[in-house]
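Hi there,

Here is the structure I promised to pass on.

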Amino acid sequence: MNRSQQLEALATDTIWDIIVIGGGATGLGSALDAATRGYKTLLIESHDFAKGTSSRSTKLVHGGVRYLEQGNIKLVREALRERGYLLKNAPHLTSVQTFIVPVFSWWEKMFYGIGLKFYDLLSGKLSLGDTQILSKKETIAHLPTINTEKLSGGILYFDGQFDDSHLAIELAATAINKGATIINYCKAIGFVKTNDKITGVACIDVVSEKKYTLKTKVVVNATGVFTNAIVQMDDHLQHDLVSPSQGIHLVVDAKFFPGMDALMIPKTDDGRVLFAVPWHDKVVLGTTDTPIEEISFEPKPLEEEIDFIIKHMNRYCTTLITRTNINSVYVGLRPLVKQKRKGSTALLSREHHLSVSPSGLITITGGKWTTYRKMAADAVDNAGFIGKLNKEKCTTAHTPIGDEALKENRMKEILKNDASLKEFIHPNYPFIKAQIVYAVKFEMAMGIEDILARRIRLLFLDAKIAIAIAPMVAGIMASYLNKDENWEAGEIVKFTQLADQYLLK
Ligand SMILES: Cc1cc2nc3c(=O)[nH]c(=O)nc-3n(C[C@H](O)[C@H](O)[C@H](O)COP(=O)(O)OP(=O)(O)OC[C@H]3O[C@@H](n4cnc5c(N)ncnc54)[C@H](O)[C@@H]3O)c2cc1C
C-alpha cells in the first residue's frame, strides 16, 4: 500500500465504476467487494482508515446475544454466519473467545443456559463450540476475581474477537491487491451532477491540499456517523438520517480479570449487556449507550459513563477498579438511523440501513463490524444496479483477507536493512520499532496517531506510555517520510494533545 502510487490514479481521466466515500469497516468492505467483482473502484477516506467508529469497537465478532433476548432471530443468525466467514477469511486477525456469564440463581442458570445454547444452535455448521453450564467451582476457576457472594454458577459460550483497525487496514490492502484504488487523507467535498444525477465527486488530498474532480458511474456513501453531511452535500434539503449514540470503553490491566475468559454481564441497571474482554494482554471494559447531540472525530467520555462501567464491574469482581487503574478510555459513536429518507428504496433490516437518493447516491449505514461484509454486498448489489454495471456475483464470503506471508517477508527485509529495528518500542510491550517502519512503508501511516492508535494499538492500551514514546515514533517516521524536525515537533504536540483525552484525570 503506497499512498503516492494510489494518488496517481486521481490525476488520470478515469471514469470510475464506483467511488466509495469513507474508509471504515463498511466503506473498505464495499471497496473490496466491488473490486472482487471486477468494478473499477476508488475509495477515499478523509482521515486515516478506521479513524471513526471502526477502531473504537468492543472488538467482538459476534451474533449479538442481546438481539436474541429481543427476539430478533433473523438478525442474530445473519451475524453468526458473518462471524463464521470472518473467522475463516481472516484467521490471523480474529480468534475464538470464551465468555462466561455468572449466574446467581437456579432460574438465571436455566434462562441464560437455554438462551445461549440456542445462540450456539443458530450458528449451525459455523458453531465455535458448545455452550456449557458451569458449577460455582468451575465458574470461579474461569473467573478467579468474580464476586462469589450468592454466585450459583455460570454459562460458558463461544464468540469471536478481533483487532478492528488491523482488520480495516488489511481490508484496504486486500482491496488494492484486487485492483481497487484506496486513499486515506482524501476528503469528499462535493458532487458533480448531470441532469440531477451524480456523475462525479470532488475531493481534496488533505496532505497536499490538491483538489480533484472525479468521474464515476455511482457513489456509495459509507461515512458512518458522518453520513448526514454527505447526504446533505447531495441534497441540502434532506433531513438528518442518523443520530449518534456514544459508547465508551475503559482499558485496565489483566490482573483485574486474570485468565483467558471474557466476562459478560447480561443485565446492567439500564437493561443492556456489559463486557470485560481480554485484548492484547489488557482487558477492555464496555460499553455504554448514550444519545449525544454533537458528532466529533474525537468524542469525549462523560463522567457518568465512566462511573457506570466502574460501578458495574466492581459489583461483579473482587479486585476493585478505581479511576487510577484506567490505562486508556476510548469512545465510539453508533450511527442510529433516525428516519427514512425521502426517496428511500430499501430498508434492509433493523440493523443496517440502505437508501438510494433521487440523484443515485447510495447510503449504507448502521449495522456492526461483524456484518460489514453483508452490508458491503448489499451496497454493491445496489450500486451495480444504479450504475448500470455488469451484473457480477459477490464472492467475499470466501475471499481471504490479508497476506501474512508477504507481510513476514517485508518485515524480514526491513530488519535485514537495520537490525536495530528489532528493539521494543517500550519495555512493557511486545511491539518492535520495525512495525513503525512497516506501517509507514506499506500501510499508508502518515502521522504518529496513525501508528499509535491504529497500527500499533498503544494509545488504546496505555495512553501514558503512548505519549512517552511519541518522540521516538516521530523520529523513525521522519526519516522514512523525509520530514524535518519541525514536522516531528508539530506531530508530537498534536499527538500529545489528542492522547491526553484518553487519560483519566
Ligand atoms: C461503542 C461501540 C462498540 C462497538 N462494538 C462492536 C463490536 O464489538 N463488534 C461489532 O461487530 N461491532 C461493534 N460496533 C459497531 C461497529 O464498530 C460499527 O458498526 C462500524 O465500525 C461502523 O463502520 P462504518 O464504516 O460504517 O463507520 P466508520 O468507521 O465511522 O467510518 C466512516 C468513515 O467515513 C469517513 N468520512 C467521513 N466524512 C468523509 C468525507 N467527507 N470524505 C471521506 N471520508 C469521510 C470517516 O473519517 C470515517 O473513517 C460498535 C460500535 C460502537 C459505537
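**The ligand shell and the domains**

Domain 1 (3–53 + 166–241 + 338–398) and domain 2 (64–161 + 244–334) each give at least three residues to the shell around the ligand; the domain bounds come from an automatic or database domain assignment. Please keep in mind that this is a predicted model: local features need pLDDT of at least 70, side-chain atom pairs count only at pLDDT 80 or more, and totals for chains, interfaces and linings use all residues. Residues are numbered from 1 along each chain as its sequence is written.

There are 38 residues around the ligand, and G22, G24, G52, G224 and G247 come nearest (a residue is near a molecule or strand if its C-beta atom, placed from the backbone, lies within 6 Å of it). The elements giving two or more residues to this shell are α2 (25–36), β8 (186–194) and β16 (328–337); helices (H or I, at least four residues) and strands (E, at least two) are DSSP runs, numbered from the N terminus. By class, the shell holds 11 nonpolar, 20 polar and 7 charged residues (Ala, Val, Leu, Ile, Met, Phe, Trp, Tyr, Cys and Pro count as nonpolar, Asp, Glu, Lys and Arg as charged, and the others, Gly among them, as polar).

The protein also has a domain 3 (404–500). Between them, 16 residues of domain 1 are in contact with 16 residues of domain 2, where contact means C-beta atoms, placed from the backbone, within 7 Å. On the domain 1 side, α7 (164–177) and α10 (372–386) each supply at least two residues, and α7 gives the most, with 3 residues.

**A helix pair**

Helix α15 (residues 463–481) packs against helix α16 (residues 485–500) at about 160°, with axes 9 Å apart (axes are lines fitted to C-alpha atoms, for helices over the stretch in contact, and angles run from 0 to 180 degrees between N-to-C directions). α15 and α16 are therefore roughly antiparallel, the term for angles over 145 degrees. Among the residues that meet are A470 and P471 in α15 and I492 and F495 in α16.

**Backbone details**

Most residues other than glycine have a negative phi, and most peptide bonds are trans. Here, a cis peptide bond joins G286 and T287, with omega about 15°. T287 sits in the loop between β14 (282–286) and β15 (290–291). K150 has a positive phi, near 65°.

Best wishes

Methods
Parallel < 35°, antiparallel > 145°, perpendicular 65-115°, else oblique. Contact = placed C-beta atoms within 7 Å.
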